[in-house]
Amino acid sequence: MPRLFPYMHVENFLDEDLSQQLLAYAVNNKDIYTHSLVGKENKINEKVRISHVSRELGPWEKVIQEKVEAFYPQIRQGLGMADFNKRKNFEIELAAHGDGAFFKPHIDMRLGETGDRVISAVYYLHGTPKNFAGGGLKIYPMEIFPGDDQPVVLEPTHNSLAVFQSYVHHEVLPVSCPSGEFQDYRFAINCWIHKA
Ligand SMILES: O=C(O)CCC(=O)C(=O)O
Ligand SMILES: [Fe+2]
């Protein structure tokens, strides 16, 4: 029987004004996104992940980095982690999930280039009214630790931040977005804190 590792889901993470500016950036720059890639070969694999992503956060990259790093003491406390030597660069990615998008169970820690991800923080954005269903972030208990925990599903509510350690198994449940309009997609800003 498995045990769930600590995770956080913080509602109203940023000022509403700022969250609306970020949403406007995500919605109004459709041309910066490309099909998400997976695996060490960095290929499209529609059995594993369907979404569109961009590393171009423009002026918002610094803003998000500052906000997440300012929250780091609470993250450490919430996840029950000791301090570690953070790397200065901060990895950040904008993601858009439309109708039929998903990301099968995986961990964010990988061998090689991204092997030093320690903390995953996902900041969610969507329009009002919300015009998609599904897209929950499902976090799995760790099989090798004894316990009776069940998976949890966090709703990707606008202006909320989900945080977990990068080695924890998680998945993006399938999204349905009947309108097919880009503005109705499930948007997220994925952040990874690296160790040095
Ligand atoms: O969008 C989410 O809820 C999580 C995204 C994710 O797991 C990833 O990009 O590695
Ligand atoms: Fe992930």
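Modeller: Before we dig in: two strands count as paired when DSSP finds at least two bridges between them. And keep in mind that this is a predicted model.

Biologist: Fine. Which residue in strand 11 does Val122 stand opposite?

Modeller: Start with the pairing: strand 7 (117-125) and strand 11 run antiparallel, joined by five bridges. Across that pairing, the residue in strand 11 that stands opposite Val122 is Ala162.

Biologist: And how many bridges join strand 7 to strand 14?

Modeller: These two are antiparallel as well. In this pairing, Tyr123 has Ile189 of strand 14 opposite it. The count of bridges between strands 7 and 14 is eight.

Biologist: Is strand 7 largely enclosed or largely open?

Modeller: Burial here takes 20 or more other C-beta atoms within 10 Å of a residue's own. Eight of the nine residues in strand 7 are buried, so the rest of the structure leaves this strand largely enclosed.

Biologist: Which residues touch the most other members of the largest nonpolar core?

Modeller: That core has 36 residues. Strand 7 is among the elements giving it two or more, and so are helix 1 (16-28) and helix 2 (60-70). Beyond its neighbours within four places in sequence, Ala121 contacts Val68, Leu161, Val163 and Cys191. The ones touching the most other members are Ala121, Val122 and Tyr123.

Key. Residues numbered from 1 in each chain as written. Chains lettered and ligands numbered in written order. Predicted model: local features only at pLDDT ≥ 70, side-chain atom pairs only at ≥ 80, totals over all residues. Core = buried A, V, L, I, M, F, W, Y, C linked by C-beta atoms within 7 Å. Buried ≥ 20, exposed ≤ 12 C-beta atoms within 10 Å, placed from the backbone. Helix = DSSP H or I, 4+ residues; strand = E, 2+ residues; numbered from the N terminus. Contact = placed C-beta atoms within 7 Å.
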